[in-house]
Amino acid sequence: EKGLFILVIYNTISNLFLFTLGIKLYKNDVDFKSISLSLLSPALLASFFGILFLILGFSLPNTLATAIKELGNMTAPLSMIITGALFGLINIKKFIASKNIYIFCFVRLIVIPSLVFIILSPLITDKLILGVMVLSAGMPAGATNTSLATIYSDKGPETSQYVVMSSLLCIVTLPILMYIIV
C-alpha cells in the first residue's frame, strides 16, 4: 500500500509535467504564462480528484466507477496501438543505427534513475520509498508520448522509436536498478 501510494504521487507529478510543459514542448510553444491554464486539463484534474478521493475516503457510485475504470483501462492499449502503427512506418535500418535513440535511452534508463538514487538516498531511508522512486525514474518512455507527439506535432513516428527502444532496453536496465537498490 505504501509503495502504491508513493507511485500515485510520483505519477501525478510526472503527469503534471507531461500534460503542461510536455505538451508545450511538443507544440514548440513554451509560454510559461499559459502553462497554468494547462493545469485544468482533464488528465490532471482526474489525477487531483483521484488523490483527493483517496485522502477523503470518498467512493464514486459503482456504475460510474466501473465506467471510468474501463475507460482508463483502454488508454494504455490504445497508446500502444498508436505507437506500434507509427513504428511500422519507420525505416528499421535507420532506427537501429540512430545514435540519438541510444543517447536518449542511456539518459532515460541509466542517468536519470542514477541521479534520483544519488540525490534521494541520503534523504530517504525507507528502501521501499527509495526503490519506488528510482524504479519509476528508470521506466521506459511511455506510449502516451507517441499519442501526444502525434496530436501536437509531426513527431509521432520519431517518438514511437524512442518508446520502442527504451521499452526493449529496460528489460536489461530495470533488473540492474533493482539489484542496486536492494
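Which residue forms a salt bridge with Lys155? Select Glu158: the closest N and O atoms of this pair are 3.9 Å apart. A salt bridge puts a side-chain nitrogen of Lys or Arg within 4 Å of a carboxyl oxygen of Asp or Glu.

Before moving on, a word on the model. It is predicted, with local features needing pLDDT of at least 70 and side-chain atom pairs pLDDT 80 or more, while totals for chains, interfaces and linings use all residues. Residues are numbered from 1 along each chain as its sequence is written, and side-chain values use heavy atoms, leaving out hydrogens and water.

**Next stop: the other salt bridge.** The whole structure holds 2 salt bridges. Select Lys2 and Asp126, whose side chains meet at 2.2 Å, N to O. Lys2 sits in helix α1 (residues 2–27) and Asp126 in the loop between α6 and α7, so the pair ties together parts 124 residues apart in sequence. Helices here are DSSP runs (H or I, at least four residues), numbered from the N terminus. Lys2 is partly exposed at 42% relative accessible area. Asp126 is also partly exposed, at 23%. Buried means under 20%, exposed over 50%, and partly exposed in between (1.4 Å probe, protein chains only).

**Now the core.** A nonpolar core is a set of buried Ala, Val, Leu, Ile, Met, Phe, Trp, Tyr and Cys residues joined through side-chain atoms within 4.5 Å. The largest has 22 residues. Select Phe95, Ile101, Val116, Leu120 and Val134, which have the most contacts inside it. Helices α6 (99–120), α7 (127–137) and α9 (156–181) each give two or more residues to this core.

**Last stop: a second core.** This separate core has 5 residues, including Leu18, Phe19, Ile23 and Leu44.
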